[in-house]
Amino acid sequence: MSEQYGVLTYPEIGGQSEALAAAWKQLEQQQDWVEKYFMSDKYDEVVFIGSGTSYYLALTAASTFRKWTGKNASAHPSSEIYLFREQAVASKKEVLLVGISRSGESSEVILALDSVKDLSGWTTCGMTCDEESTMAKNVPCLVSPLGKEKSTVMTKSFSSMTFMLQAAMAQAAGSEAHVAELKEVMELSKEIVPQGDAAAKAVIDGHPELNKFIYLGMGAYVGLAHEACLKLKEMSCVWTESFGTMEFRHGPKSVVEPGTMVCLFLSENARAYEVKVAKEMKEYGAFVVIVTAEAGEDTAFADLVFTTGGSHLSDEARSALNMPLVQYIGYYTALREGRNPDSPRNLTQVVKI
């Protein structure tokens, strides 16, 4: 049965290195977009919006934008801007609204962008994988050309759009250091994708007792933790949650017991604090997975330490490198549960209202 499953999802996860490279090349042709929007000093705040996976991408994008450019940025679900705009964004500001949608057809992001197009103080643009989409026709968009997917779940589209937006931010900030970091990420990705495949298969096949999955992250990795949780939930329908790493200790940790996998996206910025959280979960009986740039004595207690390399890179730049392992965990868990990751229950590739 499993041989007939995942025929779309598996190669799409595996194709993200090529998708990053294509996004980088495409950005060279869209320098006018970078100059007009991310380099402009016109805006008091840049607001990134999306729905589902695209909202989690927006969280990482906003975090990176604040850190790299030193300018105000926030992230909201598309529906919050469409239905609760005044609660989400203060009035009397110059706002750049950046819609994010793989298909460019999500009703909520299109409605949100349309709802402000005639308002003073609002400018709209977007990020998509389909240059022929409704969103791309309505607002100027960056396009990840190899981010297009046939599968319902977003995998290489998430990684490539995250990477492309970050590359645009690095250029807008005039940071040669961050540009160089992202060039290195493209090279590292070539090895990380197959390594993530092998590591995820070994964990899921070798530990059938795992029945709870928790993902933790801080800073730019909060969005990654939420996205990793969503990938697993969409594909396999198993019990999974995501939290800010330190916040997990304030109540939610009560669910941890043997059979629980706790996966930590380890930042270098807060490494010492986050490792303490992971050690505590290990003491409660969790199977601990740490995704990190570099293993050390401080991570030796973990059941799996998945290293991405690039310990000298910023946490933000390594975002795309963190995703292959957890995407493959979702894939192999779905096969274990007898579910087809290509066709998740109750889901469609584009959500319309």
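Predicted model: local features only at pLDDT ≥ 70, side-chain atom pairs only at ≥ 80, totals over all residues.
Residues are numbered from 1 along each chain as its sequence is written. Local features need pLDDT of at least 70, and side-chain atom pairs count only at pLDDT 80 or more, whereas totals for chains, interfaces and linings use all residues, and side-chain values use heavy atoms, leaving out hydrogens and water.

Student: How many residues does the largest nonpolar core have?
Tutor: Such a core is a set of buried Ala, Val, Leu, Ile, Met, Phe, Trp, Tyr and Cys residues joined through side-chain atoms within 4.5 Å. Buried means under 20% relative accessible area, exposed over 50%, and partly exposed in between, with a 1.4 Å probe and protein chains only. F38, F48, L165, Y215, M261 and F265 have the most contacts inside the largest core, and its count of residues is 81.

Student: Are α10 and α12 roughly parallel or roughly antiparallel?
Tutor: Helices here are DSSP runs of H or I with at least four residues, and strands are runs of E with at least two, numbered from the N terminus. Helix α10 (residues 221–236) and helix α12 (residues 323–336) pack at about 20°, their axes 8 Å apart; axes are lines fitted to C-alpha atoms over the stretch in contact, and angles run from 0 to 180 degrees between N-to-C directions. Under 35 degrees counts as roughly parallel, over 145 as roughly antiparallel, 65 to 115 as roughly perpendicular and the rest as oblique. The two helices α10 and α12 are therefore roughly parallel.

Student: Is K92 buried or exposed?
Tutor: K92 sits in the loop between α5 (78–88) and β3 (95–101), with a positive phi near 60°. Its relative accessibility is 85%, so K92 is exposed.
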